[in-house]
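Good morning. I will take a few minutes to walk through one structure, for those who have not seen it before.

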Amino acid sequence: MNILDIIEKKRDGKELNKQEINFFVSEYVKNNIPDYQISALLMAMFINNISFKEIVNLTNAMICSGDTICLREINGIKADKHSTGGVGDKTSLVVGPLVASCNVKFAKMSGRGLGHTGGTLDKLESIPGMSITLTNEKFKKQVNSIGISIIGQNTNLVPADKKLYALRDVTATVENIGLIASSIMSKKIASGSDTILLDVKVGSGAFMKTLQRAKELSTVLVKIGRQFKKDTRVLITNMQEPLGYAVGNILEVKEAIATLKNEGPEDFTILCRKCASVILLQSKIVNNEKEALKMINDKLISGEAFSKFKEFIKAQGGDISYIDNPNKFNLAKHVVEVRAEKTGYIKEINALSIGKSAMQLGAGRKVKTDNIDFAAGIVLKKKVGDYVKRNDVICVIHTNKKNFSDVISDIKNAFVFSDKKVDKQKIIIDYIS
Ligand code: URA
């Protein structure tokens with residue numbers, strides 16, 4: 001078999017077979033095929049599309065390119081959740097402990113933030129003492145004993161995706177549904193859980209900009225899960241405006257704490273409850289959504305979900321005095337109010353602009369190697385649909401940077417006003433199972 005024949009075949013719009021896909025993935029990982037040939041192949045795949053059979057074979061070849069994690073030692077059904085990424089997305093910080101307090105085994109390997117989107121690991125690391133680098137043995141032991149652990153990748157999981165994703169990033173071949181779906185699902189399946197809940201974000205701050213694309217991706221993700229015998233379900237959720245009010249690591253941890261005490265923002269609370277209810281159904285803890293929502297409500301009101309969060313943070317070395325007293329977290333040097341320049345209803349708060357502005361303030365990374373400032377970010381004071389008068393505070397910025405006047409004007413431009421009443425945005429758009 002040789003790579004040139006494979007490139008030619010895909011260039012001519014033909015379907016690659018399993019052996020050809022296994023060949024190019026495994027030889028690329030071993031550095032036996034140069035980037036320029038895989039770039040040509042990826043572009044042919046992007047332009048001619050890949051069939052569902054090719055997507056499944058590609059997912060499988062990527063899983064086989066590295067280690068896989070076996071969670072068999074953990075008793076019961078192991079649940080995982082993944083978000084395609086957004087602005088202010090701290091959902092796992094709430095959903096994990098919430099479902100663990102309902103006896104679900106929540107075993108999650110998470111990632112870091114890049115660009116305008118945040119990452120769960122960074123948010124967790126903003127809690128002093130918190131470690132996200134457990135060995136697999138400790139990870140499994142913790143999930144068995146307290147029901148939850150969230151860590152970073154500690155093994156050579158899906159090395160093919162690392163190489164291929166980096167190459168797609170610089171060859172304009174990221175935005176292909178088949179390539180995206182196999183990239184996401186290979187990592188989720190290799191992580192070893194029994195059930196997968198995917199939160200596919202749609203809107204300006206998301207990877208998927210239109211509902212049609214989000215639905216296409218979601219359908220393929222669920223179909224791949226079925227092929228690999230994993231109960232995979234998707235929630236398509238709104239990322240047109242930021243989720244909740246807080247954007248930035250410590251700020252989001254504080255909002256997650258409030259939500260676990262049942263005092264969180266409306267949109268974020270609805271999303272957390274819905275994610276948790278789907279996971280309870282997947283884990284067969286309940287028989288229907290009504291039972292799930294009742295259990296979730298009880299855990300939030302009784303304080304058990306919040307206690308589980310503290311147990312989880314403590315188990316991974318985090319200092320829970322910060323959780324008990326969030327005012328202990330460091331504040332940035334500059335905490336500055338941003339005021340509305342118009343009177344009217346808020347029609348749009350562009351999530352992409354807010355995410356980029358938070359990054360400029362220090363909350364995110366432009367490139368993987370950048371350091372982040374845990375205290376930096378933006379706290380919105382208004383959401384889409386709210387009525388504001390000129391000079392009302394629309395958000396507060398937190399930063400340790402000296403010069404931030406350009407960021408303030410970007411933030412002001414992210415808010416669009418209307419004279420007419422505007423409806424609040426719906427957070428849950430669709431559910432695919
Ligand atoms: N997220 C992934 O993990 N892979 C993609 O290809 C796109 C988004």
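I will start with the protein as a whole, then turn to the ligand, and end with a few single residues.

One point before the numbers: this is a predicted model, and the values I quote are computed from it.

First, the overall picture. The protein has 17 helices and 13 strands. Its radius of gyration is 22 Å, close to the 22 Å that the globule rule gives for 433 residues, so the protein is as compact as a globular protein of that length. If you follow the C-alpha trace along its principal axes, the spans are about 65 × 45 × 40 Å.

How much of the protein counts as buried? Of the 433 residues, the share is 57%. The accessible surface comes to about 18300 Å², and carbon and sulfur atoms account for 49% of that surface. Then there are the contacts between residues at least 6 apart in sequence: 78% of these join residues at least 24 apart.

Now the ligand. Which residues surround it? They are Tyr165, Arg168, Ile180, Ser183, Ile184, Lys187 and Phe207. Sorted by class, this shell has four nonpolar residues, one polar residue and two charged ones.

In Arg168, a side-chain N or O atom is 2.9 Å from an oxygen atom of the ligand. Ser183 places a polar side-chain atom 2.6 Å from a nitrogen atom of the ligand. For Lys187, the distance between a side-chain N or O atom and an oxygen atom of the ligand is 2.5 Å. Taken alone, the ligand exposes 240 Å², and the protein buries 89% of that area.

Where does the shell come from in terms of elements? Two helices, α8 (159–169) and α9 (177–190), are the elements that give two or more residues to it. The largest share, four residues, is supplied by α9.

As background, most residues other than glycine have a negative phi. Lys229 has a phi near 55°, which is positive. This residue sits in the loop between α10 (211–227) and β5 (231–238). Is Lys229 buried or exposed? With a relative accessible area of 75%, Lys229 is exposed, because the cut-off for that label is over 50%.

Lys284 is the second case, with a positive phi near 60°. Its place is the loop between α12 (266–282) and α13 (289–302). The relative accessible area of Lys284 is 65%, so Lys284 is exposed as well.

Last, a residue from a helix. Phe306 is found in α14, which covers residues 304–315. At 11% relative accessibility, Phe306 counts as buried, because buried means under 20%. What does Phe306 touch, leaving aside residues up to four places away in sequence? Its contacts are Ile257, Leu260, Lys261 and Ile323.

To recap the ligand part: seven residues were named, from Tyr165 to Phe207, with α9 giving the largest share of the shell. That is the end of my talk.

Terms used. Residues are numbered from 1 along each chain as its sequence is written. This is a predicted model: local features need pLDDT of at least 70, side-chain atom pairs count only at pLDDT 80 or more; totals for chains, interfaces and linings use all residues. Side-chain values use heavy atoms; hydrogens and water are left out. A residue is near a molecule or strand if one of its heavy atoms lies within 4 Å of it. A polar contact is a pair of N or O atoms within 3.5 Å; within protein, one must be able to donate a hydrogen and the other to accept it, and residues adjacent in sequence count only if both atoms are side-chain atoms. Accessible areas come from the Shrake-Rupley method with a 1.4 Å probe; for residues, only the protein chains shown count as cover. Ala, Val, Leu, Ile, Met, Phe, Trp, Tyr, Cys and Pro count as nonpolar, Asp, Glu, Lys and Arg as charged, and the others, Gly among them, as polar. The radius of gyration is taken over C-alpha atoms; the globule rule is 2.2 Å times the number of residues to the power 0.38. Buried means under 20% relative accessible area, exposed over 50%, partly exposed in between (1.4 Å probe, protein chains only). Contact means heavy atoms within 4.5 Å.
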